[in-house]
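Student: I would like a close look at a single part of this structure, followed by its surroundings. Please keep to what the model shows.

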Amino acid sequence: MATAEVAVAQPERTARHIAPRVVRRTVAFYAFVAPWLICFVALDIIPIVLGVLTSMTDYDGLNLATVKWMGLKNYARAFTDSDVAYSFGRSVLWSAINTPTWIVLSFTLALILNQAVKGRDFFRTLYYLPSVVPVVAVARIWAIFLDTNNGLLNGILSLFRPGTAVRWLSDYALPACTAISVWGGLGGGMIIFLAGLQGIPQELEEAALIDGANKLRVFRHITIPLMTPLIFFQLIMALITSLQTFALPMIVYGGGAMTGGVARAVYLYVINTYRHIFAFQRFGYGTALLWLMSIVIMGLTLVVFRTARYWVYYESEAAGGAA
Amino acid sequence: MTVRYIRMHPTRALSSFLLYALLIVVAFCIGLPVFWFLISSIKTESEYIAYPIKFLPKVVQWKNYVDAVTLIDYWGYASHSLYLALMYSTLCLITSSAAGFAFARFKVRGSNTLFSIILAMMIVPGMVTLIPQFIVYSRLHLTNTYWPWFLWGVAGAPFHIFLFRQFFTTIPAQLEEAAEVDGCTPFRVFWQIFLPNSKPVLATSFIFNFSSTWSDWFGPLIYLDDKRTTLAVKINHGYQNAHGNPLMMPTLAAATIYALPLIILFFIGQKYIIQGVVTSGIKG
Amino acid sequence: MFAKKLSRRDLLKLSAIGAAGTVLAACQPQVVEKIVKETVVVEKEKQVQVEVTKVVEKEVQKEVTKVVEKVITQAPQPKAKAASEVAMMMWGGELSDDEIKQYNTDHAPYKLSRLDPDQVRYFAMLAAGNPPDIYRLQAPEVPGLLARGIPLDLTPYFETSMVLKIDDLAAANNFYKGNSPLDIGTGKIWGMVKDWSPDCTIWVNKLVFQKAGLTPPPDDKPITYDQVFEFAQKLTKKEGDRILIWGLGVEWGWVERFWEVWLEAIGKSLFSNDFSKFQLQGNEDAVKCAKWHFDLAKNNNVQNPLSPSPRGWIGPDFLAGQIAMCQYGFWYSGMVTGTANTETGMEGENKGQAIMIPAPLWTDKGKRISTTITATGSICSRITKDPDATWDVFQWYNGQEPAVTRAKGGWGVPGLKSFYPMIPEYNEERKQVKRVLMEEIKNSEWVVRFNPFLKGGEPAAVGASWATYFERTLKGEFSFEQMIGNIQKEIDVAIKEGMDRIL
């Protein structure tokens, strides 16, 4: 019996050993992504296709009856539109300033609050609070502080030099808006890094310390490498959201923003796009502009992904990984 | 952690001091505007917009809070918000973690393509698909219902799928291999090994989803009529004078009450986030 | 909510008093008959409350009752109706839950539901083929929507309505009449104002004038815009670089509407007859209008991006006494004098110091135009599923209980002339405002021209163009002439696109 089994099973076992496992894993993969995949195909594909088609028309939001096909004219127009070029540059600058600031600051805070400091829970909750202050209040709060004639900051400065009326939101728009943006975003970034830091096994750190490493080396050689997947994640997310920022200046500059009436320094790409859509009824053109930005972001994301192999440490791949 | 507290070196004390100093400075910068927001909610309108600035109200205006909950059906709308936030967050948690797990551990045919789609979906701005998506839901007669949120929950969210994927890649492969040798199906691996070790990211994902649905004033504005809408939408325009101009004080009070569940959720949730990872069997 | 204290219950109370009163008064027989027949029931139920409310509503009663009785007796009897749902885009402050409940009860089986106005949602619903049955909009949007075939022709309904009679319509409703988008003012009726104000009036803070040693302008004759300019300059108070008080408050989103009014006063316009040309650059008269606004901003006599509003908009700034004059319409009285039950009003020492003066004159020789430039109202959707139900809601909102509440609230002038007596005057401030208002209404029979090819509602095309070049010009990146040139170029392109889209 046993010999027969072995004799029969052996040659088959090699074939069955690879294929079934791959098949099993493929089936498992698709089973796990099924909910997302099915909903995507059923509900998302049509809107995306229609969204692309919209960008090739002169749709203005209201004129479905007389809408005309524009082909790629909207896209061509974007390249000769000086406002588009300028606002693109502003968005790139905005992203270049905000992304590292946000990542570095929230990582630092997470590091600090990961240690046994007194009042840790309190600090964490406090740092998270700005994200729960509703949008409607943010502008008012900051206007009170930064307003030119009646703001708190100028009020304090007036104690030293009477009549100070620094135009923070007009002359220093970029720093001011960055400050507000960082203020609002620290909490969210901090949470993700905290979660990641907590995922680092304590035994690793303790083992290294026992082996004689000081805290800095532990940080450099254990903490950071194990955090690179999340840093990578935050980097991609920051790129995507910062290049598409429009809400913050809109809130800070009140009703003026839909008209493009924000400070020139923060005349960001999507703000310019919304001006086209809502003040000039160029919905088709605006959609094309948004798609163009998406393509740029996708390209940037691709680049970052390509660089990932050089600096992102994936535990699963390092140890031989799953099939 | 115990190792660090043994040495109380002078430089240790200095760095400890600097640490607290930094924390307090940051807390001040972050907290002052928040404090201002809170204290404003108990002022009268003239105190709120007074210049020079009045820090404290003369008389605490609890009336603002009373107005906030009586001028509109506050608790009714809050219940709508709660329902949507809970439903969406729970569903999204399940499907996103499942998908994230698959992308993290299963390098099979098509997984890279699908992951690129996930990334692309994160990048596509909402405005380009907003109207077509509305048309789709309108044809299905799902506008002015809560079904879109159910469907969006089942679909999972690209942001969270990506987050879970990144997190799951940090779990040592030996765990998974050991389980496989033991004959566990992928589902059991997911359910019994990955999920229990992922409490921090599960909590994070839930908090994020709950907060964003709770605070979402745009989605409900597009899909829901006034009777079924959520608190986030109502707060923006619910307190108006007869000309349609906003009444600031009830709005501020309403916004404060409305932020409370998020703060409580975070305070509770962050306890989960700090629960360490159980790493049994890592010495392989 | 404060302004809406006079709810439907109060209305019925008053009608009961009215019924009791008018039976005794000398009225035309048919009217009396109708009253007795239709309101007897009401009177019986409300017998008890008559005593209580009599004390409170002394003077107002008499005027109000006459109108109220008309409203209720002439409300059309519903013919056989099928159950229908009507969706209305209106702000919650303009259409309360109580009012909706009242409608659903009294006008069953029709049901009304409300949604917040939102541009994107409107686009989406239109695209899905299911727009809101009633859409809230302002006069500048009407030509554009008309050109796209969106509103329903309401003329047949108006012609047979007993509540919204065509000759009872205030002149502001002419913004909603037209036979073609290029010819608004008379003809088919597409919508109606919910309430309106002569928007060129100016609110003056007497205290600020006195402190600056100036005499406030009179409220019985209009001053000129040149005088307004001078006042604005003299009243601006500075401390070093800080502006403590601005001379004038301007709503920047409406600049081109003001220019159009001023130009029309001298027989000109911003647009050619067929609206295909925007006549700003090179047009001395138009440039003069733009310069008037710009120079005030340049000297910080008016809030502008370099000297922004500390409270978000000029409404609360004027109440706080930080703006000497504010160009807002009658509706602003709701904030300045408050209503019977609100607490808003001028702050601190400024209390009682605000008066409304007539709309200034652009020139001494031109016409005196004191019209509305917003005319907030509503249209019905051409593809509404049940036009009769939609009309029923429309008629109710604009001519029945909600309209009465709005008229008495003092937040706007009613759309029906017969409702004018209801405009409140329960204290001295209100009396002054009403006195000036009734004069202004005499000069409000004017339809301002709005271009169908440009986005008219906020954010408006010209307003947006102004907004993007404004700060840059103030800072010196452009000269004023260059700014005008830039605006001209942008609007030329926009008009051409608009014509391509519609024609």
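Which residues does Trp466(C) touch, not counting residues up to four places away in sequence?

Tutor: The model is predicted. In it, Trp466(C) touches Trp252(C), Val255(C), Trp259(C), Ala290(C), His293(C), Phe294(C), Met483(C) and Ile487(C), with residues up to four places away in sequence left out of the list.

Trp466(C) belongs to the largest nonpolar core, a set of 309 residues. Trp466(C) is also among the residues with the most contacts inside that core, together with Tyr127(A), Phe168(B), Met325(C) and Tyr332(C). The element that gives the most to this core is α8(A), with 15 residues. As background, nonpolar side chains in soluble globular proteins tend to be buried together.

Helix α8 of chain A covers residues 173–198, and Gln198(A) is found in it. Gln198(A) has a relative accessible area of 11%, under the 20% cut-off, and therefore counts as buried. The side chain of Gln198(A) makes a polar contact, at 2.4 Å, with the side chain of Asn114(A).

Next comes the interface between chain C and chain A. Chain C puts 46 residues into the contact and chain A puts in 38 residues. About 3400 Å² is buried between chain C and chain A, and carbon and sulfur atoms give 49% of that area. On the side of chain C, the residues that lose the most area to chain A are Phe123(C), Arg242(C) and Arg501(C), which together make up 21% of what that side buries.

A salt bridge joins Arg161(A) to Asp241(C), where the closest N and O atoms are 3.8 Å apart.

Four elements of chain C give two or more residues to the side that touches chain A: α6 (119–127), β9 (242–249), α18 (461–474) and α19 (480–502). Of these, α19(C) supplies the largest share, 8 residues. Sorted by class, the side of chain C that touches chain A has 25 nonpolar, 13 charged and 8 polar residues.

How values were computed: Residues numbered from 1 in each chain as written. Chains lettered and ligands numbered in written order. Predicted model: local features only at pLDDT ≥ 70, side-chain atom pairs only at ≥ 80, totals over all residues. Heavy atoms only, no water. Contact = heavy atoms within 4.5 Å. Buried area = accessible area lost by both parts, 1.4 Å probe. Salt bridge = Lys/Arg side-chain N within 4 Å of Asp/Glu carboxyl O. Nonpolar A, V, L, I, M, F, W, Y, C, P; charged D, E, K, R; others polar. Buried < 20%, exposed > 50% of the residue type's maximum accessible area, 1.4 Å probe, protein only. Polar contact = N/O pair within 3.5 Å; in protein donor to acceptor, adjacent residues only side chain to side chain. Core = buried A, V, L, I, M, F, W, Y, C linked by side-chain atoms within 4.5 Å.
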